[in-house]
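We'll walk through it piece by piece.

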Amino acid sequence: MNNTPVAIVMGSKSDLDIVQGAFDILDKFGVKFTARVLSAHRTPAEAAEFAATAEEKGFKVIICAAGMAAHLGGVIAAHTVLPVVGIPVASAPFNGMDALFSIVQMPPGIPVAAVTAGKAGGKNAALYALSILALTDAGIAEKLHLFRKEQQAQVLAADAELQEQLNNR
Ligand code: RP5
């Protein structure tokens, strides 16, 4: 057992740019995470072993980022009953459509949740994971409410600034 509730797995180090958004949000919320580079196709045994032992290690949710034929979330979900959140990473030649279709075409019985494709996916995957953890952690729930308030204030401040610019034309 450990006190690290979130595990992040990416199919390649090249996915790190997207995954960084998840790191940033989890750090902001003070929630511990581990991150691994494991590929459904290139390291299938290691990916399966990681998923199969994730529950007993105390992880509560697993985020998977992968591009191209993005089977990582599906393979991880096949080996655990923990909630799995998939981030479709855009890569050539189909600009993420291939990854999106791979993640949202899971067969019945093995669910993988799909979040926003591309850059915002890392951030939203972490926020989704936090929403799951918040069901049993009042501290995280409180921080999520605060986060939404801060976000609202930022948008309204941007709106006020725009209105001022337009009024001063
Ligand atoms: C996927 O193939 C990875 O998740 C990555 O998005 C994509 C390309 O991998 P690399 O060629 O950058 O290793 O498995």
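## A walk through the fold

Let's start in a loop: proline 93 sits between strand 4 (84-89) and helix 4 (97-103). Keep in mind that you're looking at a predicted model. What joins alanine 92 and proline 93? The link is a cis peptide bond, with omega at about 5°. That's worth a second glance, because most peptide bonds are trans.

Now zoom out to get your bearings. The protein has six helices and five strands. Along the principal axes, the C-alpha atoms take up a box of roughly 65 × 40 × 30 Å.

Next, look for the aromatic rings. There are three aromatic pairs in the whole structure. One of them to pick out is phenylalanine 23 with phenylalanine 33: the ring centres are 4.9 Å apart and the planes meet at 20°, under the 30 degrees that stacking calls for, so this pair counts as stacked. The two partners come from distant parts of the chain, 10 residues apart. Phenylalanine 23 belongs to helix 1 (residues 16-29), while phenylalanine 33 belongs to strand 2 (residues 33-37).

On to the ligand. Where does the ligand sit? You'll find it in the largest pocket. Around it are Gly11, Ser12, Ser14, Asp15, Arg42, Ala66, Gly67 and Met68. By type, that shell splits into two nonpolar, four polar and two charged residues.

Aspartate 15 places a polar side-chain atom 2.6 Å from an oxygen atom of the ligand. For serine 12, the distance from a side-chain N or O atom to a ligand oxygen is 2.7 Å. Arginine 42 also takes part, with a polar side-chain atom 3.2 Å from an oxygen atom of the ligand. As for cover, the ligand on its own has 360 Å² of accessible area, and the protein covers 71% of that.

One member of the shell deserves a last stop. Methionine 68, one of the residues around the ligand, lies in the loop between strand 3 (61-67) and helix 3 (72-78). Most residues other than glycine have a negative phi.

Conventions: Residues numbered from 1 in each chain as written. Predicted model: local features only at pLDDT ≥ 70, side-chain atom pairs only at ≥ 80, totals over all residues. Heavy atoms only, no water. Near = heavy atom within 4 Å. Polar contact = N/O pair within 3.5 Å; in protein donor to acceptor, adjacent residues only side chain to side chain. Areas by Shrake-Rupley, 256 points an atom, 1.4 Å probe, with all protein chains shown as cover. 1 Å grid on protein atoms, 1.4 Å probe; cavity = no way out; pocket = protein on both sides within 12 Å on 5 of 7 lines; lining within 4 Å. Sits in = over half its atoms within 2 Å of the grid points. Nonpolar A, V, L, I, M, F, W, Y, C, P; charged D, E, K, R; others polar. Phe/Tyr/Trp six-rings, centres within 6.5 Å; stacked < 30°, edge-to-face > 60°. Helix = DSSP H or I, 4+ residues; strand = E, 2+ residues; numbered from the N terminus.
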